[in-house]
Amino acid sequence: MEIIRADKNTQKQIFESLSAIDKLCVGAEGWSAESFKSEAAKDNGIVLYTVENGNITGLICGFFAADEAEITSVAVSPEHRRKGFAAALMEEYFRTLPDVVESIFLEVRESNSAAIGLYQKFGFQKISLRKNFYSFPDENAVVMQKLLNKEG
Ligand SMILES: CC(C)(COP(=O)(O)OP(=O)(O)OC[C@H]1O[C@@H](n2cnc3c(N)ncnc32)[C@H](O)[C@@H]1OP(=O)(O)O)[C@@H](O)C(=O)NCCC(=O)NCCS
(Lines give C-alpha, C1' and ligand atoms only; values in the text may rest on other atoms or scores of the structure.)
Protein backbone atom coordinates (compact mmCIF):
# COMPACT_ATOMS: atom_id res chain seq x y z
CA MET A 1 0.00 0.00 0.00
CA GLU A 2 1.19 3.49 -0.84
CA ILE A 3 -0.10 6.72 0.75
CA ILE A 4 0.02 9.85 -1.41
CA ARG A 5 -0.70 13.47 -0.46
CA ALA A 6 -2.70 15.33 -3.09
CA ASP A 7 -1.81 18.95 -3.85
CA LYS A 8 -2.59 21.64 -6.40
CA ASN A 9 -0.68 19.73 -9.11
CA THR A 10 -2.57 16.46 -8.64
CA GLN A 11 -4.43 15.27 -11.76
CA LYS A 12 -8.15 16.00 -12.04
CA GLN A 13 -8.83 12.28 -12.52
CA ILE A 14 -7.49 11.56 -9.00
CA PHE A 15 -9.90 14.09 -7.46
CA GLU A 16 -12.75 12.48 -9.42
CA SER A 17 -11.81 9.07 -7.98
CA LEU A 18 -11.68 10.53 -4.45
CA SER A 19 -15.12 12.06 -4.92
CA ALA A 20 -16.51 8.76 -6.24
CA ILE A 21 -15.21 6.87 -3.17
CA ASP A 22 -16.50 9.54 -0.77
CA LYS A 23 -19.99 9.52 -2.35
CA LEU A 24 -20.06 5.72 -2.40
CA CYS A 25 -19.19 5.69 1.32
CA VAL A 26 -21.29 8.54 2.71
CA GLY A 27 -23.90 9.21 0.01
CA ALA A 28 -25.06 12.70 -0.95
CA GLU A 29 -22.89 14.32 1.74
CA GLY A 30 -19.80 13.13 -0.13
CA TRP A 31 -17.56 15.84 -1.55
CA SER A 32 -17.25 16.81 -5.20
CA ALA A 33 -13.95 16.54 -7.09
CA GLU A 34 -13.73 20.36 -6.97
CA SER A 35 -14.04 20.37 -3.17
CA PHE A 36 -11.21 17.83 -2.80
CA LYS A 37 -9.07 19.86 -5.19
CA SER A 38 -9.75 23.08 -3.33
CA GLU A 39 -8.80 21.51 0.04
CA ALA A 40 -5.65 19.91 -1.39
CA ALA A 41 -4.53 23.24 -2.88
CA LYS A 42 -4.70 25.08 0.47
CA ASP A 43 -1.52 25.42 2.53
CA ASN A 44 -3.42 24.19 5.61
CA GLY A 45 -5.40 21.47 3.82
CA ILE A 46 -4.51 17.76 3.99
CA VAL A 47 -5.83 15.27 1.43
CA LEU A 48 -4.23 11.82 1.58
CA TYR A 49 -5.19 8.69 -0.35
CA THR A 50 -4.14 5.06 -0.43
CA VAL A 51 -3.17 3.21 -3.62
CA GLU A 52 -3.07 -0.57 -3.84
CA ASN A 53 -2.27 -2.37 -7.11
CA GLY A 54 -2.86 0.86 -9.02
CA ASN A 55 -6.31 1.47 -7.49
CA ILE A 56 -7.29 4.24 -5.09
CA THR A 57 -8.78 2.44 -2.09
CA GLY A 58 -9.36 5.11 0.54
CA LEU A 59 -8.90 8.71 1.61
CA ILE A 60 -8.63 11.05 4.56
CA CYS A 61 -9.20 14.78 4.40
CA GLY A 62 -8.83 17.58 6.90
CA PHE A 63 -7.21 20.90 7.72
CA PHE A 64 -5.39 22.70 10.52
CA ALA A 65 -5.41 26.23 11.90
CA ALA A 66 -3.14 27.41 14.72
CA ASP A 67 -3.08 24.65 17.37
CA GLU A 68 -6.20 22.80 16.19
CA ALA A 69 -6.92 20.40 13.35
CA GLU A 70 -10.07 18.81 12.01
CA ILE A 71 -10.71 15.59 10.12
CA THR A 72 -13.54 16.23 7.67
CA SER A 73 -13.69 12.89 5.86
CA VAL A 74 -12.39 9.33 6.07
CA ALA A 75 -13.61 6.77 3.54
CA VAL A 76 -12.46 3.35 2.34
CA SER A 77 -14.07 1.52 -0.61
CA PRO A 78 -16.40 -1.20 0.68
CA GLU A 79 -14.37 -4.03 -0.92
CA HIS A 80 -11.18 -2.86 0.80
CA ARG A 81 -12.47 -2.47 4.36
CA ARG A 82 -11.05 -4.16 7.46
CA LYS A 83 -7.60 -4.36 5.90
CA GLY A 84 -6.03 -1.45 7.79
CA PHE A 85 -6.36 1.26 5.11
CA ALA A 86 -8.17 3.73 7.39
CA ALA A 87 -5.72 3.04 10.20
CA ALA A 88 -2.75 3.73 7.89
CA LEU A 89 -4.41 6.96 6.67
CA MET A 90 -5.03 8.15 10.24
CA GLU A 91 -1.39 7.55 11.19
CA GLU A 92 -0.13 9.44 8.14
CA TYR A 93 -2.57 12.29 8.83
CA PHE A 94 -1.12 12.66 12.36
CA ARG A 95 2.44 12.64 10.94
CA THR A 96 1.52 15.31 8.38
CA LEU A 97 0.19 17.81 10.96
CA PRO A 98 2.55 20.59 12.03
CA ASP A 99 4.08 20.23 15.50
CA VAL A 100 2.07 23.17 16.87
CA VAL A 101 -1.22 21.27 16.57
CA GLU A 102 -2.39 20.14 20.02
CA SER A 103 -5.85 18.74 19.37
CA ILE A 104 -7.87 17.22 16.54
CA PHE A 105 -11.66 17.42 16.26
CA LEU A 106 -14.22 15.61 14.12
CA GLU A 107 -17.94 14.96 13.88
CA VAL A 108 -19.49 11.59 13.16
CA ARG A 109 -23.01 10.21 12.87
CA GLU A 110 -24.14 8.73 16.19
CA SER A 111 -24.98 5.38 14.51
CA ASN A 112 -21.66 5.04 12.67
CA SER A 113 -20.12 2.41 14.91
CA ALA A 114 -17.34 1.51 12.43
CA ALA A 115 -16.05 5.08 12.29
CA ILE A 116 -16.50 5.64 16.03
CA GLY A 117 -14.56 2.39 16.62
CA LEU A 118 -11.79 3.64 14.33
CA TYR A 119 -11.56 7.02 16.08
CA GLN A 120 -11.62 5.51 19.58
CA LYS A 121 -8.81 3.16 18.58
CA PHE A 122 -6.74 6.27 17.82
CA GLY A 123 -7.50 7.99 21.11
CA PHE A 124 -10.45 10.22 20.15
CA GLN A 125 -12.97 10.78 22.95
CA LYS A 126 -16.60 11.83 22.72
CA ILE A 127 -16.89 15.41 23.99
CA SER A 128 -20.38 16.55 22.96
CA LEU A 129 -23.45 15.89 20.85
CA ARG A 130 -24.83 18.15 18.10
CA LYS A 131 -28.57 17.52 17.89
CA ASN A 132 -29.85 16.80 14.35
CA PHE A 133 -26.59 17.96 12.83
CA TYR A 134 -27.03 15.62 9.85
CA SER A 135 -29.85 15.33 7.31
CA PHE A 136 -31.08 12.50 5.06
CA PRO A 137 -31.59 10.91 7.52
CA ASP A 138 -31.72 13.38 10.41
CA GLU A 139 -29.22 12.30 13.01
CA ASN A 140 -27.18 13.65 15.88
CA ALA A 141 -23.45 14.18 15.44
CA VAL A 142 -21.02 13.01 18.06
CA VAL A 143 -18.16 15.51 18.40
CA MET A 144 -14.86 13.79 19.18
CA GLN A 145 -11.47 15.18 20.17
CA LYS A 146 -7.99 13.76 20.34
CA LEU A 147 -5.35 15.54 22.39
CA LEU A 148 -1.86 15.16 20.97
CA ASN A 149 0.73 14.50 23.61
CA LYS A 150 3.54 16.93 22.89
CA GLU A 151 5.58 15.91 25.93
CA GLY A 152 8.78 14.00 25.13
C1 LIG B 1 -14.89 3.77 8.94
C2 LIG B 1 -14.04 3.25 7.78
C3 LIG B 1 -13.29 4.42 7.16
C4 LIG B 1 -13.01 2.22 8.34
O5 LIG B 1 -12.13 1.85 7.28
P6 LIG B 1 -11.29 0.49 7.29
O7 LIG B 1 -10.18 0.61 6.33
O8 LIG B 1 -12.21 -0.66 7.12
O9 LIG B 1 -10.70 0.46 8.78
P10 LIG B 1 -9.42 -0.36 9.27
O11 LIG B 1 -9.41 -1.72 8.63
O12 LIG B 1 -8.21 0.46 9.12
O13 LIG B 1 -9.77 -0.54 10.81
C14 LIG B 1 -9.11 0.21 11.82
C15 LIG B 1 -9.95 0.13 13.11
O16 LIG B 1 -11.20 0.80 12.92
C17 LIG B 1 -12.23 0.12 13.67
N18 LIG B 1 -13.23 -0.43 12.76
C19 LIG B 1 -13.16 -0.46 11.40
N20 LIG B 1 -14.29 -1.00 10.91
C21 LIG B 1 -15.07 -1.31 11.96
C22 LIG B 1 -16.37 -1.89 12.10
N23 LIG B 1 -17.07 -2.27 11.01
N24 LIG B 1 -16.89 -2.02 13.34
C25 LIG B 1 -16.19 -1.64 14.43
N26 LIG B 1 -14.95 -1.09 14.39
C27 LIG B 1 -14.41 -0.93 13.17
C28 LIG B 1 -11.51 -0.99 14.44
O29 LIG B 1 -11.09 -0.47 15.69
C30 LIG B 1 -10.32 -1.26 13.53
O31 LIG B 1 -9.24 -1.83 14.21
P32 LIG B 1 -9.11 -3.45 14.25
O33 LIG B 1 -9.12 -3.91 12.83
O34 LIG B 1 -7.82 -3.66 14.94
O35 LIG B 1 -10.31 -3.94 15.00
C36 LIG B 1 -14.90 2.52 6.72
O37 LIG B 1 -15.75 1.60 7.37
C38 LIG B 1 -15.73 3.45 5.87
O39 LIG B 1 -15.27 3.95 4.84
N40 LIG B 1 -16.99 3.69 6.26
C41 LIG B 1 -17.88 4.55 5.46
C42 LIG B 1 -17.43 5.99 5.48
C43 LIG B 1 -17.54 6.59 6.87
O44 LIG B 1 -18.46 6.30 7.62
N45 LIG B 1 -16.57 7.46 7.18
C46 LIG B 1 -16.55 8.19 8.43
C47 LIG B 1 -17.38 9.42 8.29
S48 LIG B 1 -17.17 10.47 9.72
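This is a predicted model: local features need pLDDT of at least 70, side-chain atom pairs count only at pLDDT 80 or more; totals for chains, interfaces and linings use all residues.
Figure 1. Helix α2 lies across β2 and β3, and runs at about 115° to β2. Within α2, which spans residues 33-41, the buried residues are Phe-36, Lys-37, Glu-39 and Ala-40. Viewed down the axis of α2, these buried residues fall within an arc of 165°, so they line one face of the helix. They pack against α1 (12-26), β2 (45-52) and β3 (55-65). Helix α1, in turn, lies across β2, β3 and β4, and its direction is at about 90° to that of β3.

**Figure 2. The open sheet of seven strands.** The strands follow the order β1-β2-β3-β4-β5-β7-β6, and their pairing is mixed. The edges are formed by β1 (2-5) and β6 (125-134); each has a single partner strand, so one side of each is left without a neighbour in the sheet. From one strand to the next, the twist averages 25°. Both senses of pairing can be found around β4: β3 and β4 are antiparallel, with eight bridges, whereas β4 and β5 are parallel, with three bridges.

**Figure 3. The hairpin of β2 and β3.** Strands β2 and β3 are paired in the antiparallel sense by eight bridges. Glu-52 has Asn-55, in β3, as its bridge partner. Two residues stand between the strands of this hairpin, and Asn-53 is found in the loop there. The phi of Asn-53 is near 50°, a positive value in a residue other than glycine. Most residues other than glycine have a negative phi. Asn-53 has 6 other C-beta atoms within 10 Å and is therefore exposed.

**Figure 4. The hairpin of β3 and β4.** Eight bridges link β3 and β4, which pair in the antiparallel sense. One of the pairs joins Leu-59 to its bridge partner Ala-75 in β4. Two residues separate the strands of the hairpin, and Ala-66 takes a positive phi near 50°.

Figure 5. Ile-71 counts as buried because 23 C-beta neighbours lie inside 10 Å, where the cut-off for a buried residue is 20 or more. Leaving aside neighbours within four places in sequence, the contacts of Ile-71 are Ile-60, Gly-62, Tyr-93, Ile-104 and Leu-106. Ile-71 and Tyr-93 are 22 residues apart in sequence, with 8.9 Å between their C-alpha atoms.

**Figure 6. The two faces of strand β5.** Strand β5 comprises residues 103-109. Its covered face consists of Ile-104, Leu-106 and Val-108. The uncovered face carries Ser-103, Phe-105, Glu-107 and Arg-109. Ile-104 and Leu-106, from the covered face, are among the residues in contact with Ile-71. Strands β4 and β5 pair in the parallel sense over three bridges, and Ser-103 in β5 stands opposite Glu-68.

**Figure 7. Strands β6 and β7 and the loop between them.** Strand β6 is joined to β7 (residues 139-147) by six bridges, and the two strands run antiparallel. Arg-130 has Ala-141, in β7, as its bridge partner. Asn-132, which lies in strand β6, has a phi near 45°, a positive value in a residue other than glycine. With 9 other C-beta atoms within 10 Å, Asn-132 is exposed. The loop between β6 and β7 contains Pro-137. The peptide bond from Phe-136 to Pro-137 is cis, and its omega is near 0°. Most peptide bonds are trans.

**Figure 8. The shell of residues around the ligand.** There are 21 residues around the ligand, of which Arg-81, Ala-86, Ala-114, Gly-117 and Leu-118 come nearest. At least two residues of the shell are supplied by each of α1, β4 (68-76), α3 (85-96) and α4 (113-121). Helix α4 gives the most, with six residues. Sorted by class, the shell holds twelve nonpolar, five polar and four charged residues.

Terms used:
Residues are numbered from 1 along each chain as its sequence is written. A residue is buried if 20 or more other C-beta atoms lie within 10 Å of its own, exposed if 12 or fewer, and partly exposed in between; C-beta atoms are placed from the backbone. Helices (H or I, at least four residues) and strands (E, at least two) are DSSP runs, numbered from the N terminus. The arc is that of the directions from the helix axis to the C-beta atoms. Two residues are in contact if their C-beta atoms, placed from the backbone, lie within 7 Å. A residue is near a molecule or strand if its C-beta atom, placed from the backbone, lies within 6 Å of it. Ala, Val, Leu, Ile, Met, Phe, Trp, Tyr, Cys and Pro count as nonpolar, Asp, Glu, Lys and Arg as charged, and the others, Gly among them, as polar. Two strands pair if DSSP finds at least two bridges between them. Axes are lines fitted to C-alpha atoms, for helices over the stretch in contact, and angles run from 0 to 180 degrees between N-to-C directions.
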